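Colleague: I have the sequence and the fold open beside me, and I'd like to talk through a few parts of it with you. Could we begin with the ligand and then move on to the sheet and the helices?

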Amino acid sequence: MAAISLRGISKAFGTQTPVLRNVDLEIGADEFCVFLGPSGCGKSTLLRIIAGLEDPSAGDIVIGGQRVNEVPPAERGIAMVFQSYALFPHMSVAENMGFGLKLARVSKAEIERRVLDAARVLQLEALLDRKPKALSGGQRQRVAIGRAIVREPGVFLFDEPLSNLDATLRGQTRVEIARVHRRFAGSSAVYVTHDQIEAMTLADKIVLLRSSRDGADLDSIAQVGAPLELYHSPANLFVAGFIGAPR
Ligand code: ADP
Ligand code: MG
């Protein structure tokens with residue numbers, strides 16, 4: 001089953017102060033884990049390390065029981081959704097969603113089945129023949145999520161996927177993402193955000209990160225726990241301030 005272990009992960013870029021320090025973390029299969037923290041604290045870097053887009057300076061990444069430090073991104077069983085959704089403008093919604101599978105030589109019938117299935121989950125069935133320019137921002141982001149779903153990954157990674165949307169669409173798309181995760185029982189999700197509300201509503205488990213630059217030897221993780229645990233029993237002033245802060 002897809003479960004992720006991060007063991008002693010640290011990361012420094014060049015000779016700068018490390019961006020991440022001593023990250024030890026277990027993410028269960030089926031779990032929706034949110035990396036929450038202020039801008040610049042290293043959330044995206046940690047996600048990119050899991051995805052294999054960035055190498056850690058120290059530590060091990062274990063996915064499904066296998067150490068994957070040397071495994072290339074495409075072979076880690078991961079699908080990633082970014083903040084900006086680069087869709088192919090000349091392809092329809094269905095073609096955009098199926099393109100990665102086509103490259104992977106999945107059969108036409110199987111691609112069709114998976115695209116329809118994803119479209120149903122994301123309520124995109126009526127839009128499958130449209131081109132991206134005929135979609136709203138929220139619909140485009142759903143297509144980007146659909147592109148991840150059709151690969152049926154063991155691990156979903158989301159990097160602030162809603163931050164380009166307005167408040168209403170953010171709320172709606174948040175619901176879609178929760179539904180997507182429930183639909184794929186057995187898959188882990190890691191979701192990066194700086195938004196406390198998003199974290200509180202989506203997470204089974206919140207990992208609250210703080211900038212390791214705030215103190216000479218602070219570890220990156222300020223607290224790990226269920227949303228209400230962090231809310232009611234903050235481990236320190238940083239957690240209390242960040243979780244309790246009005247937006
Ligand atoms: P977050 O996603 O929490 O906003 P990031 O992980 O993007 O934070 O960045 C954390 C810190 O690492 C920032 O100070 C950023 O400037 C720095 N950083 C990220 N990527 C690089 C890179 N490729 N080279 C140098 N510094 C980087
Ligand atoms: Mg980021």
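Predicted model: local features only at pLDDT ≥ 70, side-chain atom pairs only at ≥ 80, totals over all residues.

Colleague: Fine. Which residues are around ligand 1?

Modeller: The residues around ligand 1 are Phe13 and Val19, then Gly37, and then the run Ser39, Gly40, Cys41, Gly42, Lys43, Ser44 and Thr45.

Colleague: And how does that shell split by class?

Modeller: Six residues of the shell around ligand 1 are polar, three are nonpolar and one is charged.

Colleague: Changing topic to strand 3: is it enclosed or open?

Modeller: Strand 3, which covers residues 32-36, is largely enclosed by the rest of the structure, because five of its five residues are buried. Phe32, Val34 and Leu36 lie on one side, with Cys33 and Phe35 on the other, and both faces are covered.

Colleague: Which strands does strand 3 pair with?

Modeller: With strand 8 (residues 188-193) it pairs in the parallel sense over five bridges, and phenylalanine 32 has alanine 189 of strand 8 as its bridge partner. Strand 3 also runs parallel to strand 9 (residues 205-209), to which four bridges join it, and there leucine 36 is partnered by leucine 208.

Colleague: What is the order of the strands in the sheet?

Modeller: The sheet is open, has six strands in the order 6-7-8-3-9-10, and shows mixed pairing. Strand 6 (78-81) and strand 10 (221-225) stand at the edges with a single partner strand each, so one side of each is left without a neighbour in the sheet. On average, neighbouring strands of this sheet are turned by 15° against each other, direction ignored.

Colleague: In which sense do strand 9 and strand 10 run?

Modeller: They run antiparallel and are joined by four bridges; isoleucine 206, for instance, has glycine 225 in strand 10 as its bridge partner.

Colleague: Now the helices. At what angle do helix 2 and helix 4 pack?

Modeller: Helix 2 (residues 93-103) and helix 4 (residues 137-149) pack at about 35°, with their axes 8 Å apart, and their crossing is right-handed. Helix 2 contributes Val93, Asn96, Met97 and Gly100 to the contact, while helix 4 contributes Val143, Gly146 and Arg147.

Colleague: What classes are those residues?

Modeller: The contact of helix 2 with helix 4 has three nonpolar, three polar and one charged residues.

Notes:
Residues numbered from 1 in each chain as written. Chains lettered and ligands numbered in written order. Buried ≥ 20, exposed ≤ 12 C-beta atoms within 10 Å, placed from the backbone. Helix = DSSP H or I, 4+ residues; strand = E, 2+ residues; numbered from the N terminus. Pairing = 2+ DSSP bridges. Axes fitted to C-alpha atoms, helices over the stretch in contact; angles between N-to-C directions. Left-handed = near helix turned anticlockwise from the far one by under 90°. Contact = placed C-beta atoms within 7 Å. Nonpolar A, V, L, I, M, F, W, Y, C, P; charged D, E, K, R; others polar. Near = placed C-beta within 6 Å.
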